[in-house]
Amino acid sequence: MPVVKSKTHERRLHPLPLRIMHWINAIAIFIMIGSGWKIYNDDVILGWLHFPDAVVIGKWAQYGLQWHFFGMWIFVINGLCYLSYGIATGRFRRKLLPVSLRAILATANDALHFRLAHDDLTHYNAVQKILYLGVMAIGILIVISGLALWKPVQFSELAALFGSFQTIRIVHFLCMAAIVGFLLVHISLALLVPRSLIAMINGGPAVDRGVARAAVAAPEAEPSH
Ligand code: HEM
């Protein structure tokens with residue numbers, strides 16, 4: 001006769017693997033941006049834009065490049081883990097989809113009139129959804145354009161898709177600018193709603209108290225051979 005055991009699973013709003021990947025990504029992106037600015041200073045795209053030494057990483061452009069490659073491996077490997085985790089666990093489907101234009105406009109309107117509610121951390125509003133999906137898409141584009149900049153001969157077909165080498169630089173630069181813009185909004189919101197920041201550190205509230213019933217068959221009579 002099989003014995004049925006009950007096991008209680010308590011899932012946090014932000015499970016541990018997600019938090020680890022989020023904070024590794026935050027460190028990697030700061031290395032990428034600071035070192036990227038150092039490399040950019042060596043051959044600027046916009047004549048008036050030169051990043052001050054206080055905010056760049058690497059004493060010389062060559063050091064900036066080495067930091068950039070170091071950050072790149074962390075960003076790419078961690079990013080692939082995050083994307084696979086989000087797809088495999090259904091987190092992206094549950095938390096980021098669907099997102100409709102109507103909901104985005106309504107949420108943006110609420111935000112402009114300071115009517116956005118922050119009491120429920122377990123649901124992302126439409127603007128959060130589009131920002132998170134958008135930054136992931138830009139993260140993918142910045143890696144693709146970075147590959148074409150790094151190895152334009154080996155990835156010549158990829159590089160050709162952009163047209164010219166200078167176009168790849170501009171695309172890469174614009175992706176960086178979009179990520180910096182995202183971070184300004186993202187970090188400001190995290191500081192404005194400190195509960196959300198604490199939840200990204202300690203996991204936040206339990207969101208799912210599912211009861212999994214595991215049927216463990218009691219050892220029956222050994223089959224006779
Ligand atoms: C110091 C830097 C950062 C801080 C303080 C921060 C803070 C947070 C917080 C508090 C949340 C929970 C969001 C919420 O409840 O609305 C969150 C989620 C998220 N953050 Fe950040 N973040 C930082 C850096 C980054 C970076 C660099 C990226 C990507 C470029 C990023 C992408 C995301 C994404 C995609 C989520 C949603 C995660 C999910 O639920 O699957 N964050 N962040």
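Reader: How are helix 5 and helix 7 directed relative to each other, roughly parallel or roughly antiparallel?

Author: This is a predicted model, in which local features need pLDDT of at least 70 and side-chain atom pairs count only at pLDDT 80 or more, while totals for chains, interfaces and linings use all residues. Residues are numbered from 1 along each chain as its sequence is written, and side-chain values use heavy atoms, with hydrogens and water left out. Helix 5 (residues 126-150) and helix 7 (residues 165-192) pack at about 150°, with axes 9 Å apart, where axes are lines fitted to C-alpha atoms, for helices over the stretch in contact, and angles run from 0 to 180 degrees between N-to-C directions. Because angles over 145 degrees count as roughly antiparallel, helix 5 and helix 7 are roughly antiparallel.

Reader: Which residues coordinate the iron atom of the ligand?

Author: The site of the iron atom is octahedral, with angles of 84 to 179° among its six donor atoms; octahedral means six donors with opposite ones over 155 degrees apart and all others between 65 and 115, and donors are N, O and S atoms within 2.8 Å of the metal (3.2 Å for Na, K and Ca). The coordinating residues, each through NE2 at 2.0 Å, are H22 and H186.

Reader: How many residues apart are H22 and H186?

Author: The pair that coordinates the iron atom links distant parts of the chain, since H22 lies in helix 1 (residues 16-42) and H186 in helix 7. Helices here are DSSP runs (H or I, at least four residues), numbered from the N terminus. The separation of H22 and H186 is 164 residues.

Definitions and conventions:
Helices (H or I, at least four residues) and strands (E, at least two) are DSSP runs, numbered from the N terminus. Angles under 35 degrees count as roughly parallel, over 145 as roughly antiparallel, 65 to 115 as roughly perpendicular and the rest as oblique. Four donors count as tetrahedral if all angles lie between 85 and 135 degrees; four count as square planar and six as octahedral if opposite donors are over 155 degrees apart and all others between 65 and 115; anything else is irregular.
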